[in-house]
Amino acid sequence: MENETVKKQVVFSAIQPSGTITLGNYLGAIRNWVRMQDDYHCLYALADLHTITVRQDPAVMRQNILNAYASVMACGIDVDKAPFFIQSHNPNHSQIAWILDCYTQFGELSRMTQFKDKSLRHADNINAGLFTYPALMAGDILLYQADKVPVGADQKQHIELTRDIAMRFNQLYGNVFRIPEGFIPKDGARVMSLQNPTAKMSKSDENINGCVLLTDPDTVILKKFRRAVTDSEMKVRYAPGKDGINNLMSIYSAVTGLSFEQIERDFDGKGYGDFKTAVGEAVIAELSPIRKRYEELLKDRGYIEECYSKSDAFAYRLSSRTIDKAMKKIGFILPKK
Ligand code: TRP
């Protein structure tokens with residue numbers, strides 16, 4: 001066991017609980033979380049503390065947390081291999097966030113593109129948490145001495161900042177934090193809206209047909225793919241400017257494992273209608289067993305509680321080592337245990 005601990009790298013990632021997950025979340029992130037369970041020491045979190053940077057309705061938020069937890073589990077996470085905990089259940093996260101706030105510069109946070117975007121979208125509530133959010137995220141990662149952090153391309157800048165904060169801290173106090181590396185999985189990393197294929201697939205899409213949810217019934221999934229926006233060329237071919245078809249090809253490739261060349265060959269001489277139906281059916285084949293598990297899990301609240309409770313305890317134990325070390329180095333006196 002001890003040997004194994006030395007060899008396997010630590011993977012950490014987290015997702016914000018904005019309800020049930022989308023096809024984009026699944027192909028871009030969660031499917032990779034599941035695949036990494038055997039090869040790494042994986043630790044995953046439901047980043048609920050992050051969500052209150054924008055105002056939430058309490059009842060909706062509670063439901064979103066449970067639904068998101070169950071949907072990630074339904075994708076195939078095994079908490080005995082890869083603990084999946086709830087961020088707010090481990091007070092070390094809030095604690096490290098405050099500490100790291102004091103080692104993060106105003107100028108650095110001001111340059112974060114997500115902050116700039118979100119402050120435009122929520123101009124009436126540009127709170128301090130929205131601004132310091134990247135330090136909370138850095139803490140999530142650094143607490144567990146993670147080697148690798150699988151994230152979507154939109155989080156790359158936050159990972160860079162995490163590294164800068166960690167190196168700055170280590171320079172002052174010696175080796176406290178491992179310097180993590182972000183990695184952006186290649187296949188299916190970026191699923192775009194089916195209605196507006198230049199924008200990321202998102203639940204907040206104005207047009208519900210742009211976004212496929214894990215909970216969509218098969219008929220709805222098929223309908224959404226049949227209505228997907230494409231171009232007027234009518235040829236299944238991956239090419240610049242063909243954003244709609246490129247997106248459908250990426251999705252199809254991600255769920256079937258077929259290369260773009262193979263897909264082009266298979267659909268040579270066929271129209272977009274056939275292709276859209278094929279993509280829809282392939283996605284249904286992937287998602288419908290997950291949806292069934294999700295529905296079963298939601299009925300078993302006791303099991304969900306058991307899964308997050310043991311994960312919470314594991315995360316707390318592991319992160320306490322890092323936070324104690326960091327606090328001692330800074331000059332705090334640790335409480336008597
Ligand atoms: N900020 C990430 C997002 O919005 C979620 C997140 C929170 C995260 N903490 C993290 C991702 C730590 C990776 C590592 O998608």
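Gln145 is located in the loop that runs between helix H8 and strand E4; helices (H or I, at least four residues) and strands (E, at least two) are DSSP runs numbered from the N terminus. The model is a predicted one, in which local features need pLDDT of at least 70 and side-chain atom pairs count only at pLDDT 80 or more, while totals for chains, interfaces and linings use all residues. Residues are numbered from 1 along each chain as its sequence is written, and side-chain values rest on heavy atoms, with hydrogens and water left out. Although Gln145 is not a glycine, its phi is positive, at about 55°.

Helix H8, on one side of this loop, has 15 residues and spans 21 Å from its first C-alpha to its last, close to the 21 Å expected at 1.5 Å a residue; the expected span is 1.5 Å times one less than the number of residues. H8 bends by about 40° at Pro134, the bend being the angle between axes fitted to the seven residues ending at a residue and the seven starting there. Of the 15 residues of H8, 12 are buried, where buried means under 20% relative accessible area, exposed over 50%, and partly exposed in between (1.4 Å probe, protein chains only). Pro134 is one of these buried residues, which also include Leu130 and Tyr133.

Leu130, Tyr133 and Pro134 also belong to the lining of the largest cavity, together with Met112, Gln114, Phe115, Lys118 and His158. On a 1 Å grid over the protein atoms alone, a cavity is a set of points where a 1.4 Å probe fits but cannot get out; a pocket is an open set with protein on both sides within 12 Å along at least five of seven lines, and lining residues have an atom within 4 Å of a point. Helices H7 (113–121) and H8 (128–142) are the elements that give two or more residues to this lining. The largest cavity holds about 50 Å³ of space; grid points are joined across faces, edges and corners, and a volume is the space filled by probe spheres set on the points.

The largest pocket contains about 1,700 Å³ of space. Its lining has 48 residues, of which Gln16, Gln114, Asp154, Gln155 and Lys200 lie nearest its centre. Among the elements giving two or more residues to this lining are H7, H8 and strand E4 (148–150), but H2 gives the most, with six residues.

Helix H13 (residues 272–299) has 28 residues and reaches 40 Å from its first C-alpha to its last, close to the 40 Å expected at 1.5 Å a residue. H13 bends by about 35° at Leu287, and Pro289 follows within four residues.

The count of disulfides (pairs of cysteine sulfur atoms within 2.5 Å) comes to zero. For Cys42, the nearest cysteine sulfur is that of Cys75, 15 Å away; Cys42 is buried, with a relative accessible area of 3%. For Cys211, the nearest cysteine sulfur is again that of Cys75, at 14 Å, and Cys211 counts as buried at 5% relative accessibility.

Met234 is found in the loop between helices H10 (218–226) and H11 (243–256). Met234 is not a glycine, yet has a positive phi of about 65°, and at 49% relative accessibility Met234 counts as partly exposed.
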